[in-house]
Amino acid sequence: MGDDTSQRLLDAAEMLFAEHGFVQTSLRAITTLAHANLAAVHYHFGSKDELTRAVFVRRLKPLNEERLARLTVLENSGGPVTVEAVLTAFIEPSLQLRRAGVQGERFTRLLGRAQLEPSEALRDFMNEQYAPVLERFQRTLVQTLPELSPVDIHWRLCFTLGALSFAYAGALWAWLPFKVREVGDERWLQQQLARFLTAGLRAPPLEKEVDMAV
């Protein structure tokens, strides 16, 4: 029964966070949807912050493990390790999760919110979750793109994650001046995103340092 209660709390929090954001969602709203009480939150998770972390760890941990597993398979395949293949190893697991059903689509929207909402504590937590994965992909891309510096690749991976977060949050579809069905299905648009990101990663380095001071 206790485990069932914790799962209901996780499901309710995931749904409300995806729809309303983290700050706007109260513990009372979560417990009401989960048919639980505030004491159950404190018993199973300790606080709203810990509940929020648990919501992400439940799906983000296996998602990142799948990304790393695909990268390992690619590196051990004996074939060429292309930028396209590395990028596919990173983004395809999340796109598969998005297509897996309501919960998968909801969680990918939640990932987008986590990167876009102004919560320093949440951003720090997400950085902890992504850091080892991005570092692993960066090491591979340094070998694949020797003309780029590690700093170049680091920032381009950050831009890649930012573009994915924008799409995850649903903002990409909301800004389109047409319906998805008028130009193709969502997978087609996701393939367009993958091509765009690949081109960004493969772009030549800057010819000289740019003074960003203002």
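Start with the salt bridges: a search of the whole structure finds 11 of them, a salt bridge being a side-chain nitrogen of Lys or Arg within 4 Å of a carboxyl oxygen of Asp or Glu. You are looking at a predicted model, in which local features need pLDDT of at least 70 and side-chain atom pairs count only at pLDDT 80 or more, while totals for chains, interfaces and linings use all residues. Residues are numbered from 1 along each chain as its sequence is written, and side-chain values use heavy atoms, with hydrogens and water left out.

**Stop 1: the charged network**

Select Glu14 and Arg59. These two form a salt bridge whose closest N and O atoms are 2.7 Å apart. The pair links distant parts of the chain, with Glu14 in helix H1 and Arg59 in helix H4, 45 residues apart. Helices here are DSSP runs (H or I, at least four residues) and strands likewise (E, at least two), numbered from the N terminus.

Are Glu14 and Arg59 buried or exposed? Both are buried, where buried means under 20% relative accessible area, exposed over 50%, and partly exposed in between (1.4 Å probe, protein chains only). For Glu14 the relative accessible area is 0%.

Arg106 counts as buried at 10% relative accessibility. To see the whole network of salt bridges, select Asp11, Glu14, Arg58, Arg59 and Arg106 together.

**Stop 2**

Move to Glu75, which forms a salt bridge with Arg136; the closest N and O atoms are 2.9 Å apart. The pair joins distant parts of the chain, Glu75 in helix H4 and Arg136 in helix H7 (residues 120–144), 61 residues apart. Glu75 is partly exposed, with a relative accessible area of 32%.

**Stop 3**

Which ring does Arg67 lie over? Arg67 sits over the face of Phe90, 4.2 Å from the ring centre; a charge counts as over a ring if NZ of Lys or CZ of Arg is within 6 Å of the ring centre and within 35 degrees of the ring normal. Arg67 is buried, its relative accessible area being 0%.

Show the surroundings of Arg67 next. Not counting residues up to four places away in sequence, Arg67 touches Ala89, Phe90, Pro93, Ser94, Tyr130, Val133, Phe137 and Tyr168, contact meaning heavy atoms within 4.5 Å. If you draw a distance from Arg67 to Thr88, 21 residues apart along the chain, their C-alpha atoms are separated by 9.1 Å.

Asn64 is also worth a click, in helix H4 (residues 48–75). Asn64 is buried at 5% relative accessible area. Leaving aside neighbours within four places in sequence, Asn64 is in contact with Gln129, Tyr130 and Val133.

**Stop 4: the aromatic rings**

How many aromatic pairs does a search of the whole structure find? There are 6. Rings of Phe, Tyr and Trp (its six-membered ring) pair if their centres lie within 6.5 Å, with planes under 30 degrees apart counted as stacked, over 60 as edge-to-face and the rest as tilted. Phe17 and Phe22 are buried. Then extend the selection to Phe56, Phe107 and Phe125, which ring pairs link with Phe17 and Phe22 into a cluster.

**Stop 5**

Select Thr5, in helix H1 (residues 2–20). Thr5 is buried, with a relative accessible area of 12%. Beyond its neighbours within four places in sequence, Thr5 is in contact with Ala36, Ala40 and His44. The C-alpha atoms of Thr5 and Thr31, 26 residues apart along the chain, are separated by 9.9 Å.

Thr31 takes you to helix H2 (residues 27–34), where Leu27, Ile30, Thr31 and Ala34 are buried. They cover an arc of only 95° around the axis, so they lie on the same side of H2; the arc is that of the directions from the helix axis to the C-beta atoms. His35 follows H2, with a positive phi near 55°.

**Last stop: the whole chain**

Zoom out to 10 helices and 0 strands. Of the 214 residues, 39% count as buried.
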